[in-house]
Structure formats: C-alpha cells, structure tokens
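Here is a briefing on a single protein chain. Please have the sequence and the model open as you read.

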Amino acid sequence: MLANGAELGVKKGESAEYTDLPGLQEIPEVGNTPEKVDITVLKDKVKKYDVGIGDAGELVYKFLYDNSKADCPYRILRAMEAAGEVGSFCETDADGTKIQFDAKVSVKRTGGGVNGVIQFDVTMALQSEITFVDPA
C-alpha cells in the first residue's frame, strides 16, 4: 500500500470532529518496541525474559511549509506547542485504518536551498497509548 492519501487530523478538548491538517508529506513508523526484562533466577541454566512496557519512540510527521493564513497547520501546531497543549490526533491511511493518540507537539521548520522545498516537522510526545481502528 502506498502512503499516498494519508491524512492527519487534530482535535482539541472534547470536540467531536478531527480537523484535517493539509500539506502532510510523510508519516512515521508507528508501533512500539517493548523492553526485554531479565527475570533469570540463580537456578536457571539459560537467561529468561519477560516483555516490559513499550516505547513508541518519536513520531515525526512532515508537512509542506505554509504560513499564509491563520488556520494553516503550521500556525495551529505552533500555537499548541506554545501553550503546552495536548491534542488528540488521528492518522487515517488510504485503506481506512485509523491510528489515534494524544500528544504534545514540537514544531521545527526545515531549511531550504535552490529548488529546495521548505517543510516543517511535527514531533509528537505521546500522552496516551496508540489505538488502531481497523477499516470496516
């Protein structure tokens, strides 16, 4: 499946609808890597492990830079960052899979050069578990 068609939406507070953040160019890997916890006891002949909690790492979404109007994603996300606000996010993939999570954001505009596109990165600091909603 191609990443083409993926969208990222945000909602703040208890609002019912996600607002699409246009200009999305790249989506991150999503999932977690659980820690391996050593549970070996002195009588064991080999090491034994259990699975600990997971670390989803940083989720970084890339957007085309646009700061032309008050409701553009760059301004919305920068305002959330400045306020230390937690937003609810929903990535919707081309096949209808939804990936939902709450996060605080950090916004960084990329550099540019001749014939180079300026983008901005949104790094998500997770504040919830990641929920996968399969398509109907």
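Asp121 touches Val60, Tyr61, Lys62, Ser106, Val107, Lys108 and Thr110, leaving aside residues up to four places away in sequence. Asp121 sits in strand E9. The model is predicted.

- Asp121 has a relative accessible area of 10%. Buried means under 20%, so Asp121 counts as buried.
- Lys62 is buried as well.
- The side chains of Asp121 and Lys62 make a polar contact at 2.9 Å.
- This pair also qualifies as a salt bridge, with 2.9 Å from N to O.
- The pair joins distant parts of the chain: Lys62 belongs to strand E6, Asp121 to strand E9, and 59 residues separate them.
- Side chains of opposite charge can pair when their charged atoms come close.

**The other salt bridges**

- How many salt bridges does a search of the whole structure find? The search finds 3.
- One of them pairs Lys47 with Asp38, and the closest N and O atoms are 2.8 Å apart.
- Lys47 has 52% relative accessibility. The cut-off for exposed is over 50%, so Lys47 counts as exposed.
- Asp38 counts as partly exposed, because its relative accessibility is 39%.
- Another salt bridge brings together the side chains of Lys48 and Asp44, at 3.1 Å from N to O.
- Lys48 is partly exposed at 41% relative accessibility.
- Asp44 is partly exposed too, with a relative accessible area of 22%.

**Helix H1**

- Helix H1 covers residues 73–83.
- Which residues of H1 are buried? They are Pro73, Tyr74, Ile76, Leu77 and Met80.
- An α-helix has 3.6 residues a turn, so residues three or four places apart point the same way.
- The buried residues of H1 pack against five strands: E1 (7–11), E6 (59–64), E7 (87–92), E8 (98–109) and E9 (119–126).
- Gly84 follows H1. The phi of Gly84 is positive, near 65 degrees.

**The largest nonpolar core**

- The largest nonpolar core has 21 residues.
- Which of its residues touch the most other members? They are Leu21, Phe63, Leu77, Phe89, Phe101 and Met124.
- At least two residues of this core come from each of E1, E6, H1, E8 and E9.
- E8 gives the largest share, 5 residues.
- In soluble globular proteins, nonpolar side chains tend to be buried together.
- Leu21 touches Leu8, Gly9, Val10, Phe63, Pro73, Ile76, Leu77 and Phe89, again leaving aside residues up to four places away in sequence.
- Among these contacts of Leu21 are Pro73, Ile76 and Leu77, which are buried residues of H1.

**Asn115**

- Where does Asn115 lie? Asn115 is in the loop between E8 and E9.
- Is Asn115 buried or exposed? Its relative accessibility is 82%, so Asn115 counts as exposed.
- The phi of Asn115 is near 55 degrees. That is a positive value in a residue other than glycine.

Technical notes:
Residues numbered from 1 in each chain as written. Predicted model: local features only at pLDDT ≥ 70, side-chain atom pairs only at ≥ 80, totals over all residues. Heavy atoms only, no water. Buried < 20%, exposed > 50% of the residue type's maximum accessible area, 1.4 Å probe, protein only. Helix = DSSP H or I, 4+ residues; strand = E, 2+ residues; numbered from the N terminus. Contact = heavy atoms within 4.5 Å. Core = buried A, V, L, I, M, F, W, Y, C linked by side-chain atoms within 4.5 Å. Polar contact = N/O pair within 3.5 Å; in protein donor to acceptor, adjacent residues only side chain to side chain. Salt bridge = Lys/Arg side-chain N within 4 Å of Asp/Glu carboxyl O.
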